[in-house]
Amino acid sequence: FTVSLHKVDNTTVVIKLRPGLSPSCQILMKSGVWSELKIKPGENVTFFFTCSTPEKYYVMEIQKNIDCVSGPCPFGDVHLYPPGLPRLNRTYIWDVKASTKAGLELKFSTSWLRQIEPGETCPDSISYNINSCIDKATVNIGTFCRNGSVSRVKLLGGVVMSLHLPWHSPLNTSGFNIANRASIKRLCIIESVLKGESSITLMSPNYPLGFPEDELMTWQFVIPPNMRASVFFHNYSLSNCERKEERVEYYIPGSPSNPEVFKLSDRQPANIAGSFNMSLQGCDQDAQNPGILRLLFQVVVQHPQVDENVTHLVDLSKEKNMTVTIHLEEWPSHIPLMSEPICLICKDPRTCDRVLTLTSGAVYRISFLCKDFSRLRITAEKGIGCMDIRWCHGKIYSLSVPKAITQLPIRLHKFIWKLLATDLINVEITSPSLKLQQQVAQQRCNTSYSYSIVSATPETELNVGLFCPGGSIEKIQMRNNITISLKTYGKRFINESIPQDLKMSFVPHIKDECTFTVSPNPRAKVYLQTPNGRSGLPPYVSVSWFIVVPSKQTARLGFSEDRMGIACETGRAYINIKEETPAAEEIVRREDELLPRPRNMHHSFWVNISNCKPVDKTQLTLQFWVTFADKQIDLGIILAVVAGAGVLTVIGLTVFCVKKKKKKTQNPMVGVYNDNVNTQMPGRKGLFGKGRRNNESHVYAVIDDAVVYGHLLKESNGSVAPEVDVYRPFDGPIGSLPPSPPPFSFRKDIKRSSDTEEEPPPLTDTDQDTYTFAHQKSEQSEDNGDANKKDKGDTSVPLLENKEQDSLVE
């Protein structure tokens with residue numbers, strides 16, 4: 001290679017090794033072998049490289065000094081000089097000296113420039129760096145790539161302009177020229193020309209190290225007359241001012257108050273029609289703690305929207321503790337700075353942004369600068385708290401989306417309710433009409449929205465599950481703070497959400513971490529699963545389900561697995577199953593036992609699952625199912641009842657025969673009331689809708705001229721007066737239907753209220769029979785009272801006071 005530099009060009013070329021590389025490739029000249037070569041103005045040098053790929057080892061700097069102070073300034077295009085240089089990564093540096101009274105203007109070719117952040121690279125690896133030199137101070141105006149909107153840069157004082165080209169770049173022009181000199185009385189002016197819909201990002205000088213103290217700079221934005229521009233500040237910081245105040249000033253055509261002054265923390269102007277200027281003003285900083293003034297902002301240009309004058313009323317005046325955020329679909333995870341123009345939401349014609357947050361207690365009129373609303377979403381959050389149960393108990397809160405949100409032409413993405421309570425106050429969620437369905441693998445939600453419920457206690461966070469409307473869960477009770485998130489899946493939500501009926505109230509403390517009340521459809525198969533999904537139930541957490549079984553139905557309960565699948569390090573894991581009926585058997589299984597096989601449950605029942613601390617990371621995850629079937633009448637019971645009817649017929653004939661031998665009497669009749677009996681004939685269950693306690697179907701009319709017939713059977717001639725006795729209810733096992741009447745069996749001795757036994761006086765023909773018989777039903781055992789006394793000496797009659805019993809016996 002031969003490099004010839006003219007002395008008048010004032011250009012120096014330096015070829016040197018890349019930092020950190022050993023000189024395995026060298027420069028060969030007549031004078032010897034070198035690892036660095038410096039060619040000064042006026043020199044003519046010929047050299048070789050000792051390797052075939054010198055671009056891997058060497059870089060080159062070409063610096064040209066231009067004096068615009070003592071001599072004429074070379075206006076016009078700046079060329080890449082000298083020609084014939086080796087193909088190495090090279091940096092051209094133009095150091096232009098100029099007076100602060102006459103600034104310089106750099107004008108770029110039609111490709112223009114795009115400012116990038118420090119550390120960012122250009123796609124073609126070609127970059128420009130502009131520095132302003134005032135006296136001995138240097139300010140970095142910025143780093144730029146090709147193909148942008150920056151058309152001109154005016155600077156106060158001298159300029160150091162750098163162009164970095166990769167070794168393979170075909171670029172043979174600098175891409176800029178020195179246009180003229182002009183006094184600008186500020187650090188710099190950057191002109192940006194935006195054509196059509198576009199978005200640009202710009203930074204203050206020295207970003208991110210800090211804008212110079214008490215300096216002023218301006219950006220000039222050239223906007224087509226039929227377009228609208230909006231300014232958004234994305235990153236800024238303020239210095240510590242001793243005098244004056246940092247601010248942004250706008251000169252907007254047609255504004256009645258030019259310049260319009262804004263703080264950096266204010267929402268900046270939007271929907272600006274036509275070209276405008278924006279200036280950044282610094283302040284006198286504290287010498288001990290100056291701080292940093294810096295700014296990164298975006299300008300978005302787009303067409304005026306057809307519906308920009310259409311306003312939408314959002315009335316949040318009656319809401320409390322609620323925020324509504326309108327945003328892009330990707331928010332908050334990703335909002336690109338250099339994207340194409342997007343939807344803007346405006347609180348007024350000049351206050352617009354890509355994200356707009358509205359708070360409760362006010363009325364808003366918003367508009368949209370947007371061609372397509374499909375990418376816009378709404379996220380809302382509402383807080384409901386209770387610190388004292390005396391003020392909250394009995395209040396029912398509706399967890400439904402307000403109409404102010406659903407009437408907007410934007411899809412609701414998520415509505416979050418945060419329910420806050422103290423340790424001794426719990427939350428009860430109900431869905432009376434729609435009910436909730438828990439989403440599990442066998443039972444997927446196909447609705448347009450669902451609820452995610454999370455319970456957070458000081459000890460643990462419990463993901464209760466994902467639920468959708470149209471299931472079997474009527475009520476969920478949980479401890480402490482609850483977060484309920486309604487999420488939508490498509491446009492159907494607006495129509496399907498109209499009958500929302502999710503309610504919430506605060507209730508006193510509950511024992512379990514979570515309690516479900518489930519009232520399934522009699523024809524449905526319901527799957528229920530422990531909270532926390534595949535992560536498993538946390539250690540030492542207990543969850544309960546109360547399954548409501550209709551009176552004419554029988555439930556069948558089964559578990560999806562044979563075992564719990566865990567081993568306990570501390571404590572025990574249990575499953576408890578118990579029907580809600582007196583003397584019901586409680587089914588208990590530990591973690592080391594087989595789970596119960598599918599079984600029939602004739603009454604409403606409880607399922608409780610309590611976890612231990614497992615020995616490994618595997619947690620307790622259980623799923624069970626419930627189905628229903630109509631109750632069937634046992635043929636054996638029907639035959640027993642028919643046999644019992646036959647026995648009653650024999651008793652009736654016996655009484656009829658005995659009555660013929662008795663004398664007629666005028667004494668009043670005596671009846672004994674016994675509510676602890678069941679006179680319902682076998683047959684269809686639930687014939688009496690009111691229940692036995694609420695009707696008198698089990699009370700027999702007194703028997704005319706009745707006698708206690710049991711002892712009459714012992715006398716062939718009926719001459720011996722029988723003893724008074726009362727028939728005791730059935731004391732055998734309880735079944736699903738009334739048992740058959742027992743055989744005849746009557747006691748001779750009666751124990752009265754006193755501790756002594758007395759022989760009852762003989763009956764006369766004026767005495768009245770006391771006769772009732774009982775068929776006890778298991779379904780009504782709780783209502784019928786304690787009929788099955790274990791003490792056979794007790795002959796007291798239920799529902800009668802002691803005085804009434806004595807009077808009847810006497």
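1. Phe49 is buried, with a relative accessible area of 14%; buried here denotes under 20% relative accessible area, exposed over 50%, and partly exposed in between, with a 1.4 Å probe and protein chains only. Tyr58 is also buried, at 0%. The model is predicted, so local features need pLDDT of at least 70 and side-chain atom pairs count only at pLDDT 80 or more, whereas totals for chains, interfaces and linings use all residues. Residues are numbered from 1 along each chain as its sequence is written, and side-chain values use heavy atoms, with hydrogens and water left out.

2. Phe49 and Tyr58 form a tilted pair, with 5.4 Å centre to centre and 50 degrees between the planes. Ring pairs also join Trp219, Phe221, Phe233, Tyr250, Phe262, Phe276 and Phe297 into a cluster.

3. Two charges over rings deserve a note. A charge sits over a ring if NZ of Lys or CZ of Arg is within 6 Å of the ring centre and within 35 degrees of the ring normal. Arg354 lies over the face of Phe232, at 6.0 Å from the ring centre. Lys525 lies over the face of Trp625, at 4.8 Å from the ring centre.

4. On the backbone, most residues other than glycine have a negative phi, and most peptide bonds are trans. A cis peptide bond, with omega about 5 degrees, joins Tyr207 and Pro208. Pro208 belongs to the loop between strand 19 (198-203) and strand 20 (216-222); helices (H or I, at least four residues) and strands (E, at least two) are DSSP runs numbered from the N terminus. Asn258 and Pro259 are likewise joined by a cis peptide bond, with omega about -5 degrees. Pro259 is in the loop between strand 23 (247-251) and strand 24 (260-262).

5. Asn10, although not a glycine, has a phi of about 55 degrees and lies in the loop between strand 1 (2-4) and strand 2 (11-17). Asn10 is partly exposed, at 34% relative accessible area. For Trp112, phi is near 55 degrees; the residue lies in the loop between strand 11 (103-108) and strand 12 (113-116). Trp112 counts as buried, at 17% relative accessibility.

6. An open sheet of 4 strands has the order 19-28-21-25, with antiparallel pairing. Strand 19 and strand 25 (272-273) stand at the edges with a single partner strand each, so one side of each is left without a neighbour in the sheet. Two strands pair if DSSP finds at least two bridges between them. Strand 21 (residues 228-239) and strand 25 pair in the antiparallel sense over 2 bridges, and Arg228 stands opposite Ala273 in strand 25.

7. The salt bridges number 20, each a side-chain nitrogen of Lys or Arg within 4 Å of a carboxyl oxygen of Asp or Glu. One of them joins the side chains of Glu61 and Lys16 (3.7 Å, N to O). Glu61 lies in strand 8 (residues 58-67) and Lys16 in strand 2, so this pair ties together parts that are 45 residues apart in sequence. Glu61 is partly exposed, at 31% relative accessibility, and Lys16 is partly exposed, at 28%.

8. Asp284 and Arg243 also meet through their side chains in a salt bridge (2.7 Å, N to O). Asp284 lies in strand 27 (residues 284-285) and Arg243 in strand 22 (residues 241-243), so the pair ties together parts that are 41 residues apart in sequence. Asp284 is buried, at 12% relative accessibility, whereas Arg243 is exposed, at 57%.

9. In a further salt bridge, the closest N and O atoms of Lys382 and Glu319 are 3.5 Å apart. This pair links distant parts of the chain, 63 residues apart: Lys382 is in strand 35 (residues 376-386), and Glu319 is in the loop between strand 29 (312-315) and strand 30 (322-328). Lys382 is buried, at 16% relative accessible area, and Glu319 is partly exposed, at 22%. Elsewhere, Arg572, Arg590, Glu591 and Asp592 are linked in a network of salt bridges.

Note on methods
Phe/Tyr/Trp six-rings, centres within 6.5 Å; stacked < 30°, edge-to-face > 60°.
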